[in-house]
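Dear colleague,

I am handing over the structure we spoke about, and below it you will find what came out of a first look. Please read the notes with the model open beside you.

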Amino acid sequence: MSAFRLYELDNADGNCTSPFVWRIRFALQHKGLEYESVRVGFLDIPRIGPGTLKTVPVIEHDGGFFNESWKIAEWLDVGFPETISLFGSPAEYSMAQFFDKWFGTAVMPPLFRSCVYDLFQRVKPHEQQYFRSTREKMFGESLESVAARGHEYLRIARKALLPMRLALRRAPFLGGTHPGYADFIAWGTLAAFSPITRAPLLAPDDSLNRWVDCGRSILQF
Ligand SMILES: N[C@@H](CCC(=O)N[C@@H](CS)C(=O)NCC(=O)O)C(=O)O
């Protein structure tokens, strides 16, 4: 049995559609830490471990349960110093934190809205009502009205990625010469949503496709 169990979100097709789980998958792969995957649906999360956790990813290790992807990433670096670091230096840690906030406010909201109806349709049937009601509460409108503006949201998200396109003209990865946690954050979102979207998240001629292909050649997407 692996020393780590990663609780991951599973949809009706067996795809993990959580961008936050994907970043931890990549972090574990990067560190060379093997893990056992435990597939859960939304309604199973409250039954994980102590029964107090509300979101995935959750990591189980040595009898303890840890959630919140950023805290898990920090814990992996501090707790397993013999493995390659996710944040090479305090400066890189701060920049990754900035990137997380920028990506989470400028890119993820429109990207999520652009594909939320596709996501909803592939949620396990018995969880669709839960997904609909929680996400409609978050948006303050129905999934159908969000979906009606899906193309506009996709246009906004693609435009918001411009700083990444510019940065990646100068270095192969957001982490510089090697992929870092900022790459995992962005790749994780694309890996989570791409399999379920009707419209490709990145236009075919987007220069970011090359960087995604690089990621695919290094990590298991
Ligand atoms: N801040 C959390 C966010 C994680 C999160 O939002 N996970 C979603 C899946 S993408 C979730 O578990 N949602 C549970 C629910 O909606 O009931 C993290 O970084 O781990």
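The C-alpha centres of domain 1 and domain 2 lie 19 Å apart, where domain 1 covers 4–79 and domain 2 covers 90–207, with bounds from an automatic or database domain assignment. This is a predicted model, in which local features need pLDDT of at least 70 and side-chain atom pairs count only at pLDDT 80 or more, while totals for chains, interfaces and linings use all residues. Residues are numbered from 1 along each chain as its sequence is written, and side-chain values use heavy atoms, without hydrogens and water.

The contact (heavy atoms within 4.5 Å) involves 25 residues from domain 1 and 26 residues from domain 2. Together the two domains bury about 2200 Å², 67% of it on carbon and sulfur atoms; buried area here is the accessible area (1.4 Å probe) that two parts lose on being put together, summed over both. On the side of domain 1, Arg 23, Phe 42 and Trp 70 lose the most area to domain 2, together 34% of what that side buries.

Two salt bridges are counted between the domains, a salt bridge being a side-chain nitrogen of Lys or Arg within 4 Å of a carboxyl oxygen of Asp or Glu.

Leaving aside neighbours within four places in sequence, Tyr 181 is in contact with Arg 23, Ile 24, Ala 27, Ser 69, Trp 70, Ala 73, Leu 86 and Phe 87.

With best wishes
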